[in-house]
Amino acid sequence: MEEADMNWIPKAAIAAGLIALVALVSWLPSWGRPTPKAGTTERVEVWSWGAAALSLQRAVAPMYAKAAPTADLDVQMTGTNLQSRLLLSLSAGVGAPDVSQLQEREAGKFTRTGGLRNLNSVAAKYADDFAPAFWQDCLVDGEPYAIPWDMGPCAVFYKRWVFKKYGVDPEAIKTWDDYIAAGKLMLDKSGGATQMMPMSVADFTDFFQILMQQNGGGLFDAQGRVWVDSPQNREVLALLGRMFDSGIAAPIPLYGASWLATFKGESVASFPGAVWITQPIKDNSDPANKGDWGVFRLPAFRPGGLRTSNMGGSVLVLPNHPAKPDPARDRAAWEFVQYSLCTVPAQVAQYKGFGLFPAYLPALKDPYFQQPDAFFAGQPVGQLFAKDIEKIPPLNRTRDWNEAERMLGQSLSGWIEGRPSASDKAAYDGRFLQNLGEAIGRKLNRKVAPPDEADGMKRGAA
Amino acid sequence: MSVQIDNQVPAELTQAIDRLPEGAAALKHVAPSFGRRLWQERWFYLFISPFFLLFAVLGLYPLVFSLYLSFTQWDSIGPINFVGLANFRTLLLDGQFYNSLLVTVIIGCMYIPPMFILAFGFAVLLNDQTIRLRGLIRAGVFIPCITPMVVIAFVFQILYDTKFGLLNWIWTHGFGWLGAAPIPWLESGTWAKISVSILLVWRWTGYNMVLMLAGLQGISADLYEAATLDGAGRFQRMWHVTVPLMRPTLTFCAIMSLIGTAFMFDEVFVLTKGGGPGTATNTFGMYLFNQGFSDFRFGYASAAAYVVAAVVFLLSLATLRGGRSAV
């Protein structure tokens with residue numbers, strides 16, 4: 001076909017179309033930040049997921065509408081991979097929300113990118129109001145870049161009817177060795193049908209970390225050196241080894257469909273874990289067993305030792321908007337975060353409605369935490385989880401926590417696979433931690449702390 | 001048949017061109033300049049330009065940018081720091097990198113041969129016009145590769161579950177008298193690789209089958225008829241007619257599988273929760289994702305990607321050459 005045949009297309013129309021396309025493309029980025037609704041002056045867009053997002057939408061939003069009538073709150077449930085999308089938005093400089101949720105363990109790598117706002121001028125006053133283990137995760141060079149939201153204090157959920165059947169008294173379980181002994185008793189009496197806890201050799205990183213933090217260990221010391229091979233972590237490995245050797249661990253991966261299934265029946269008797277598994281237990285256990293569940297405090301490493309730890313939790317952060325600075329919106333975003341996380345009524349409402357356990361210590365003094373929970377036969381479980389959370393040892397997460405944690409998780413399966421053939425288990429554990437520490441140090445280009453360093457988190461800040 | 005137009009234009013063709021409308025006269029000019037041709041064909045170029053614009057923005061730019069990134073350190077938000085060959089040096093000493101390559105090769109060797117045999121078998125079966133319900137079988141084999149991976153992984157996780165899974169239930173109940181113990185499908189390194197391979201075979205057989213079926217349907221029935229007349233049996237027809245003529249298709253399938261294996265990601269991301277247990281199924285694609293999107297080391301991830309892409313490119317060339325020389 002030649003030019004003559006194309007004359008039927010009005011060239012002006014083509015030109016207009018192209019101009020419209022260019023205009024559309026250049027207008028697209030502004031979609032990320034729509035204008036506030038009528039009657040409000042500041043729009044606050046929040047990215048969040050799961051129960052946390054529901055909690056903001058249903059528990060906090062109605063309260064906040066009264067407290068700050070000019071704010072137009074838009075909580076978006078963004079589902080999975082929020083972190084990747086947030087990263088891309090921060091990288092592009094457009095599209096990031098005003099406020100975003102992050103997992104506590106991921107906060108470190110985001111806070112160090114420079115993509116989040118430094119909250120020191122507005123949030124430093126809250127330093128003593130949050131559990132130290134959690135506040136530490138929000139700091140970079142001593143200044144906060146995130147605010148703790150919910151945390152995951154740990155205890156052991158158990159089936160009263162199973163414990164009763166095999167004559168095990170949960171109150172008598174004070175140390176992990178007591179726990180293993182009780183598990184073995186149940187295993188013997190049930191002919192192998194009932195195991196004490198779900199823990200798969202494929203992935204028990206969460207258990208390692210619960211025990212590591214309880215025992216005052218870590219992956220990095222206060223100076224940012226790799227601190228994997230420590231007396232504390234060697235104790236953790238020895239304990240995990242005893243748990244697997246005793247046969248009390250059922251091969252069930254955490255948080256999957258089969259894990260949910262074990263809340264019914266008697267195949268697994270108890271679930272050491274964070275407070276946030278309360279809701280999955282309530283939702284998935286047999287309705288006939290309502291009121292027949294219980295919680296006891298996390299067993300200690302030694303008599304009189306710390307009986308709690310932390311697993312998971314999340315924070316709220318305020319992304320920078322370098323492309324479109326807007327101080328009024330930034331202020332509105334901070335006021336929303338402050339209201340949601342640093343006031344007692346908002347925190348209690350979130351715990352009441354959605355089980356988000358406050359890291360904000362003043363909220364834990366609210367009478368609601370003393371209330372009995374009918375599902376757990378009237379136990380005041382809020383009080384049980386709140387006890388000693390300010391004593392949970394902090395970790396130095398650094399920007400490399402994710403990678404170190406993944407390398408740990410990937411190595412642990414190899415550790416348990418090779419363990420049966422090791423004649424000297426303690427030496428085997430020590431060698432494993434030493435090799436892992438060195439590998440992490442090489443990969444992250446970090447120094448490795450000496451192996452006898454027991455108080456790595458106490459010696460000077462990073 | 002190909003027609004070559006050069007300076008020696010045959011007389012009949014010149015006359016034919018002369019009879020064409022005026023606009024076609026351009027054909028008489030041999031090899032006009034590039035700029036002139038561009039102007040003459042501007043409407044055609046305008047209409048095919050969206051693809052090239054999109055390709056330049058979404059294909060070429062990331063390719064060039066990631067090559068540049070491979071010499072830098074960048075967390076995707078802060079400043080880009082040029083570090084020369086440092087990423088490649090770290091890569092050389094990175095045990096996880098080698099391990100991910102090894103895992104990828106092992107899984108590739110475990111799933112590609114059975115997948116090819118099955119795909120070829122199904123293609124031959126469906127190419128037989130006497131088989132009934134061909135459409136149903138074809139759809140049945142193809143459906144897995146258009147089913148969302150998350151759904152597949154969820155179902156397979158339940159099937160593979162050590163304690164409550166259907167596979168172990170059948171295994172321990174059906175073969176209990178042999179002393180069959182539950183198989184740790186996703187909990188032992190070896191079994192996890194087997195489990196991933198089974199899923200890959202199940203998922204990708206249909207895709208390869210369709211390609212092979214198209215290849216088979218391109219083989220002229222005359223050749224089979226001639227071979228039959230020459231006294232060739234069923235097996236001889238397969239070996240001396242089908243297989244040689246299918247080589248280009250098989251080569252194409254092999255290259256696609258090679259590339260797919262090298263950057264395999266979603267199957268392990270959802271089935272073994274990112275490459276577990278340990279690093280047993282931590283494929284290169286998974287490793288790359290973790291380095292980039294989990295650890296924010298985009299420069300390092302780009303360096304690793306470029307090294308592997310170069311290896312895959314060379315392997316693909318070798319496969320292509322092998323496929324050609326064998327015909």
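**Note on the predicted two-chain model**

1. In chain A, taking contacts between residues at least 6 apart in sequence, 76% join residues that are at least 24 apart. The structure described here is a predicted model, and the points below should be read with that in mind.

2. Chain A contains 17 helices and 11 strands, and its C-alpha atoms fill a box of roughly 90 × 55 × 50 Å when taken along the principal axes. Of the 462 residues in chain A, 56% count as buried.

3. As for confidence, the model as a whole scores ipTM 0.75 and pTM 0.81, while chain B averages a pLDDT of 87, with 90% of the residues scoring at least 70.

4. One helix pair in chain B can be described in some detail. Helix α5 of chain B, which covers residues 95-127, packs with helix α9 of chain B, residues 189-217, at an angle of about 40 degrees, and their axes lie 6 Å apart.

5. The crossing of α5(B) and α9(B) is right-handed. Sorted by class, the residues in the contact of α5(B) with α9(B) are 24 nonpolar, 5 polar and 1 charged.

Notes: Residues numbered from 1 in each chain as written. Chains lettered and ligands numbered in written order. Predicted model: local features only at pLDDT ≥ 70, side-chain atom pairs only at ≥ 80, totals over all residues. Heavy atoms only, no water. Axes fitted to C-alpha atoms, helices over the stretch in contact; angles between N-to-C directions. Helix = DSSP H or I, 4+ residues; strand = E, 2+ residues; numbered from the N terminus. Left-handed = near helix turned anticlockwise from the far one by under 90°. Nonpolar A, V, L, I, M, F, W, Y, C, P; charged D, E, K, R; others polar. pLDDT = per-residue confidence, 0-100. Buried < 20%, exposed > 50% of the residue type's maximum accessible area, 1.4 Å probe, protein only. Contact = heavy atoms within 4.5 Å.
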